[in-house]
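The tour goes stop by stop.

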Amino acid sequence: MGEFAVQLQRVTKVYGESRRPAQAAGIQPAAVNAVDLSVTPGEFFTLLGPSGCGKTTTLRLIAGFEQATAGDILIQGKRMNDVPPHLRPVNTVFQNYALFPHLTVAQNVGFGLKVKHVGAPERERRAAEALEMVRLSELAQRKPSQLSGGQQQRVALARAIVNRPAVLLLDEPLGALDLKLRKAMQLELKHLQAQLGMTFIYVTHDQEEALIMSDRIAVMNQGEVLQIDTPANIYERPATRFVADFIGESNFLQGAVDDIDEGRVVVKLPGALRLSFAPNGHALHKGQDVTLAIRPEKLGLAHRNGSETPNSLTGVVRNIAYLGTDTRYTVELWPDAALVVRMQNVHGANRPAFAVGDPIRIEWAPDDIQLLQQ
Amino acid sequence: MTARAWRSLNLFYVTVAAVFLYVPLFLLIVFSFNDGGTLAFPLSGFTLKWYRELWDTPELLRAAWNSVLLGAISSVVATVIGAMAAVGLMRFRFAGRNLLIMAAMLPLVVPSVVLGVTMLMGFAQINLPLSLWTVGMGHVVINLPVVILIVMARLSGLDANLEEAAMDLGATYLGAQWRVTLPLTLPALFAAFLTSFTTSFDEFALTFFLVGSEPTLPTYLYSQLRFPTRLPIVVAMASVVIVGSFLTVVFTEWLRRRGETQKANRVDSLAGDFAVDERRPGPAMRPNTPALERGSTPRGGK
C-alpha cells in the first residue's frame with residue numbers, strides 16, 4: 001500500500017443522508033460513485049471533467065471536508081476516512097484562494113506553521129523561502145486585498161507548499177485568471193511541482209490545461225471515473241465516447257462488426273461501406289454494434305481519382321472554416337452522417353485545395369481509428 | 001434644478017433633521033441648569049444645584065449604576081450566545097434550521113409587555129425571586145435576535161472557505177474559529193454588543209415586569225415622575241446620560257478612525273490585534289490598541 005501517495009478504493013459520496021449508504025443510494029444520485037484511483041508519489045495527477053462531474057467533491061473527500069458514504073481513502077497507505085482535515089498530510093489551494101483578509105501575505109503563508117507551533121525563526125525562514133519560490137518576497141507585508149488575482153494565487157500556493165504536504169490538492173486554481181496569465185501559471189506550476197517533487201492532485205474542467213500539465217489524467221463524468229491514463233493515451237486512445245468527445249474534437253461513426261479474422265476486425269457501416277482495422281484489445285463478437293471514433297486532424301482529404309483504397313470514404317465538402325493554423329472541412333458521407341476534417345494550412349491561404357460541393361475522398365491510417373466501448 | 005439649488009435643498013433637509021433631533025436634547029440640558037422648579041421659559045437663572053442634588057441622591061446613582069452593570073453583563077451574555085447561535089445557523093445545515101431561525105427571531109415581534117408577563121409567570125412557576133438577574137435574563141432574550149441578525153449578516157459576507165482553509169492548514173475547528181472567524185467577525189460583535197447595551201440601558205416595558213427591589217435607571221426615573229419636585233433632578237440625570245452617550249459615540253468613532261489610519265500605515269488594525277504576528281515572538285495575541293478594546297481583547301490562547 002505504501003507505494004501510493006493517495007488511493008481511493010470504491011469511494012462513494014452521496015449528499016443528504018451521510019453515512020447511510022443503503023438508504024441514501026436510492027434517494028439521490030451519488031456525487032462520486034465507486035471511484036477507484038491510485039496516485040503515485042511525485043505525480044501530477046489531474047481530475048478532469050465538466051462541472052458537476054464530482055471532481056471537486058473527490059478532492060474535498062481527500063482533503064477531509066466531506067465524509068465518504070462508502071469506500072476507503074488512503075493517504076500514504078494510511079486509512080484517512082475518519083481523520084479530520086487538520087490532521088491529514090495534505091494541503092489545498094482553493095479556487096477562490098481563500099486568503100485570510102486580516103493577515104498579511106507573510107502571516108498567511110506562515111499560518112500553517114504557526115498553528116503547528118513551529119518556532120518563530122524557522123517559521124519566518126520557511127515562509128520567506130516559500131514566498132521566494134513564488135517570487136513574491138517584496139510583497140510580504142501587504143494585505144491580500146492589495147494584491148492582483150495572479151499574486152493572490154501565488155500566495156495561496158506558497159501558503160500550501162510551505163507546510164511540505166505529502167499531497168497538494170489544487171481546485172481549479174487558475175480558473176479566475178485571464179488566459180495569458182493562466183498559460184504562464186500552467187508552466188510555472190508544472191515547473192514548481194517538478195522542482196519540489198511533490199504529489200499534485202489537480203482539478204480542472206479545462207482539457208487543454210489537463211493535457212499540458214498532467215502526468216496522468218482521470219476523466220470523470222456524472223460521479224464516475226471513465227478513464228485514467230497519460231495525456232497522450234487519453235487523447236489518442238479514448239476509452240469511451242464521452243472521453244473522446246470531451247477531450248478535443250472527435251468524429252463518430254456507428255457500425256456493426258461484420259467479420260473478425262487474423263486480428264483484424266471488419267466493421268460494416270451504413271451504405272454497404274466496410275472498414276477494417278486492429279481491434280486494440282476489445283473482445284468483440286460478430287454482429288455487435290460499435291462506435292468508431294477518429295480525430296479530425298488524423299483524416300486527410302484527396303480529390304477523387306478513381307483509385308479507391310481500403311481505408312477511405314467518399315463524400316462531398318459541405319462547409320469550410322478557415323481557422324488560421326488549419327482549415328476545418330465538414331464532409332457529408334451520406335445523409336445524416338458527416339465527418340469533420342482538419343488540415344494544416346502549411347501552404348498558406350493562397351491554395352484553397354478544396355471547395356464547397358467538391359466530391360472528395362477521406363483517407364486515414366487504420367490505427368488512428370478508435371473502437372469505443374458501448 | 002442646478003447643482004447649487006440641490007445643495008441648498010440638501011442643506012435644508014439636514015438642518016430640519018438636526019433641529020428635530022437635537023433641539024429637544026439641547027433644551028433638556030439647558031433646563032438642567034435652570035434655577036427654577038418648572039420646565040418652562042423664561043429661564044430664571046443658572047444653577048448647578050440639580051447636579052448637586054443628583055449627586056446627593058444615592059438611590060438614583062445606584063439605579064444608574066445598576067443599569068450600567070445590567071447592560072454590560074446582559075449584553076456580553078447576549079453577544080456570546082447570539083454569536084454562537086449565528087455561527088451554528090450560518091455554517092451548518094440541519095433539520096429544523098429554518099424553524100430555529102424563526103424561533104430565535106420571535107422576541108423581535110412579540111411586544112415586550114407580553115414577553116414581560118410571560119417571563120414573570122415563568123419565574124413565578126420556578127419560584128425564582130425577581131431581581132436584577134431576572135431583568136438581565138429578559139434583556140438577553142430581547143437582545144438575542146438582534147445579535148444573531150448582526151453576526152449572521154457579517155458571517156454571510158465571509159467566505160466559508162476561509163474556515164476550511166484554516167483547518168486545511170492544520171487548525172482545529174475551534175482554532176479556525178479563534179484565528180480566522182473571530183477576528184473577521186469582531187467589528188460585528190462590537191456592534192452587536194453596543195446595540196444590546198443601548199437597548200438594555202433604556203428598556204422599560206419588559207424591565208417593569210421583571211424588576212425586583214433594585215431599580216434600573218428607567219424604572220427609577222419613572223417612579224420619580226410622581227413627585228414634581230424631583231423632576232429637575234431627573235432632567236439633570238437625563239443630561240448626564242445624553243452627554244455620556246455623546247462622548248461614547250465620539251470616542252468610538254475616534255478609535256475607529258485611528259484604527260484605519262494605522263491600517264494605512266501597515267500596522268495591524270482592529271482585527272489584526274488577534275493576528276498571527278510573524279515579526280514578534282512572545283504572546284501570540286498582541287493587543288496594540290489601548291483603552292476601549294483592551295477590555296474586550298482576549299489574550300493568550302494557542
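In which sense do strand S4 and S5 of chain A pair, and over how many bridges? Select residues 70–75 of chain A for strand S4. S4(A) and S5(A) pair in the antiparallel sense, over 2 bridges. Keep in mind throughout that this is a predicted model.

**Stop 1: the sheet**

Stay on that pair and pick out Ile75(A). Its bridge partner in S5(A) is Lys78(A). Now widen the selection to the whole sheet. Four strands of chain A form an open sheet, in the order S2-S1-S4-S5, with antiparallel pairing. Which strands stand at the edges? Select 32–39 for S2 and 78–79 for S5 in chain A. Each of these two has a single partner strand, so one side of each is left without a neighbour in the sheet. As background, strands of a sheet pair through backbone hydrogen bonds, either parallel or antiparallel.

**Stop 2: a residue in strand S7**

Select Leu170(A). This residue is found in strand S7 of chain A, residues 167–171. Buried or exposed? Leu170(A) has 26 C-beta neighbours inside 10 Å, and the cut-off for buried is 20 or more. Leu170(A) therefore counts as buried.

Next, show its contacts, leaving aside neighbours within four places in sequence. Leu170(A) is in contact with Val93(A), Phe200(A), Tyr202(A) and Val203(A). Thr56(A) and Leu170(A) are 114 residues apart in sequence, yet 9.4 Å apart in space, C-alpha to C-alpha.

**Stop 3: two helices**

Select residues 105–115 and 149–161 of chain A, which are helices H3 and H5. Their axes come within 7 Å and cross at roughly 30°. Angles under 35 degrees count as roughly parallel, so H3(A) and H5(A) are roughly parallel to each other. Their crossing is right-handed.

Which residues make the contact? From H3(A), show Val105(A), Asn108(A), Val109(A), Phe111(A) and Gly112(A). From H5(A), show Val155(A), Ala158(A) and Arg159(A). Color them by type: the residues of this contact divide into 5 nonpolar, 2 polar and 1 charged.

**Stop 4: chain B against chain A**

The contact takes 22 residues from chain B and 27 residues from chain A. Which elements of chain B give two or more residues to the side that touches chain A? Select 161–168 for helix H7 and 173–202 for helix H8 of chain B. H7(B) gives the most, with 6 residues. By type, the residues on this side of chain B divide into 12 nonpolar, 5 polar and 5 charged.

Conventions: Residues are numbered from 1 along each chain as its sequence is written. Chains are lettered from A and ligands numbered from 1 in the order in which they are written. This is a predicted model: local features need pLDDT of at least 70, side-chain atom pairs count only at pLDDT 80 or more; totals for chains, interfaces and linings use all residues. A residue is buried if 20 or more other C-beta atoms lie within 10 Å of its own, exposed if 12 or fewer, and partly exposed in between; C-beta atoms are placed from the backbone. Two residues are in contact if their C-beta atoms, placed from the backbone, lie within 7 Å. Two strands pair if DSSP finds at least two bridges between them. Axes are lines fitted to C-alpha atoms, for helices over the stretch in contact, and angles run from 0 to 180 degrees between N-to-C directions. Angles under 35 degrees count as roughly parallel, over 145 as roughly antiparallel, 65 to 115 as roughly perpendicular and the rest as oblique. A crossing is left-handed if the near helix is turned anticlockwise from the far one by less than a right angle, and right-handed if clockwise. Ala, Val, Leu, Ile, Met, Phe, Trp, Tyr, Cys and Pro count as nonpolar, Asp, Glu, Lys and Arg as charged, and the others, Gly among them, as polar.
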